[in-house]
Amino acid sequence: MASMKYFYELTVSSSPHAHGNLTTQKIMRDVLIALAPALIGSVYFFGPQVLLTTAVSAAACAFFEWLYRKLLHLDSTVYDLSAVVTGVLLAFVCPVTIPLWCLIIGDFFAIIVVKQLFGGIGKNFMNPALAARAFMFSWPVIMTSGFQNAQWVDAVTEATPLAAMHQGQLPADSLLSMFLGNVGGCIGETSALLLLIGGAYLLIRKIISIRIPLAYLATVAIIAFVFPMGHDRLVWTGMQLCSGGLMLGAFFMATDYVTSPVTKWGQVLFGIGCGAITMVIRYFGGYNEGVSYAILVMNTCVVLLDKVGRPRKYGTKKKEAKA
């Protein structure tokens, strides 16, 4: 009897591989739930325009992902909600007055250029939302104006607390206002309290670990405390922690599975690097905020950081593992 050969096709997702019932869709759903408090708060602080801006951004990202994969005859991945999360995060790091055409261009860059051209989810080497934000500074006036206070969109614009701190001055806003979010800033960055609630939800759900956020925030706090620019150390440290996009970046951007290290010590060093670069830019850079660029720079170091703390193979000696 002639021998028969059977061939089986096994589809394997991108590394890292782990046993569990979590799927990309469930993870992204939890991220969206964690972002909900900050979204609700931004509607209160900036007005209903926030909902339109966020919805358009999320829909545009989903559409661009569907269109790209449709044109290339690839399986659709819109259902995994990763594109929706990218759209929401990109809206969060933009001013509420941003024109929709500019935001949609950023969505295109995030999904097509940063994500899909590198192979789709799990293969991009930097955070799509932050890369798109950096690209959108091709229109610097649009991206740096329109920060408004709690009197909604028709209120007079005001400087963000971070702009004053960049000049070595304490902002006019109190530390409590900065913690609650009643200050000028981007859509989803202003309320440290609501972002901490979302971050706590992700930690409780075990979607993220505490290593990167803790290392990130601790590094910023230590540098601010040691170098208070002539102000009260505790007040200056608290304002550095509550200003800009630090909380959003620490819990929702730097912890991105694809663009952050896998090893434990690699994650700690990643967070420390993000915190150090953030403060260098805040203190010495020409731009007020350093969170976006700090995370993007550290994204490029993930391959090296993953070598730190990598467990050796079972049965090998320590020297052999290093070799």
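Tyr216, Leu248 and Phe252 touch the most other members of the largest nonpolar core, which holds 73 residues. Helix α1 (residues 24–46) supplies the largest share of this core, eight residues. The model is predicted, with local features requiring pLDDT of at least 70, side-chain atom pairs counted only at pLDDT 80 or more, and totals for chains, interfaces and linings using all residues. Residues are numbered from 1 along each chain as its sequence is written, and side-chain values use heavy atoms, with hydrogens and water left out.

**Overall composition**
- The protein chain has 16 helices and zero strands; these are DSSP runs numbered from the N terminus (helices H or I, at least four residues; strands E, at least two).
- Of the 323 residues in the protein chain, 50% are buried, where buried means under 20% relative accessible area, exposed over 50% and partly exposed in between (1.4 Å probe, protein chains only).
- Among contacts (heavy atoms within 4.5 Å) in the protein chain between residues at least 6 apart in sequence, 75% join residues at least 24 apart.

**Nonpolar cores**
- A nonpolar core is a set of buried Ala, Val, Leu, Ile, Met, Phe, Trp, Tyr and Cys residues joined through side-chain atoms within 4.5 Å.
- Leaving aside neighbours within four places in sequence, Tyr216 is in contact with residues including Leu246, Ala250, Cys274, Val291 and Ile295.
- A second, separate core has seven residues, among them Ala60, Cys61, Ala83 and Ile111.

**Helix α2**
- The 23 residues of helix α2 (residues 49–71) should span 33 Å at 1.5 Å a residue, and the end C-alpha atoms are 33 Å apart, which agrees; the expected span is 1.5 Å times one less than the number of residues.
- Ser57 is found in helix α2 and counts as buried because its relative accessibility is 0%.
- Not counting residues up to four places away in sequence, Ser57 touches Gly87, Leu90, Ala91, Leu103 and Asp107.

**Packing of α10 and α11**
- Helix α10 (residues 211–226) packs with helix α11 (residues 233–242) at an angle of about 145°, their axes being 8 Å apart; axes are lines fitted to C-alpha atoms, for helices over the stretch in contact, and angles run from 0 to 180 degrees between N-to-C directions.
- In this contact, Leu217, Val220, Ala221, Ala224, Phe225 and Val226 of α10 meet Arg233, Leu234, Trp236, Thr237, Gln240 and Leu241 of α11.
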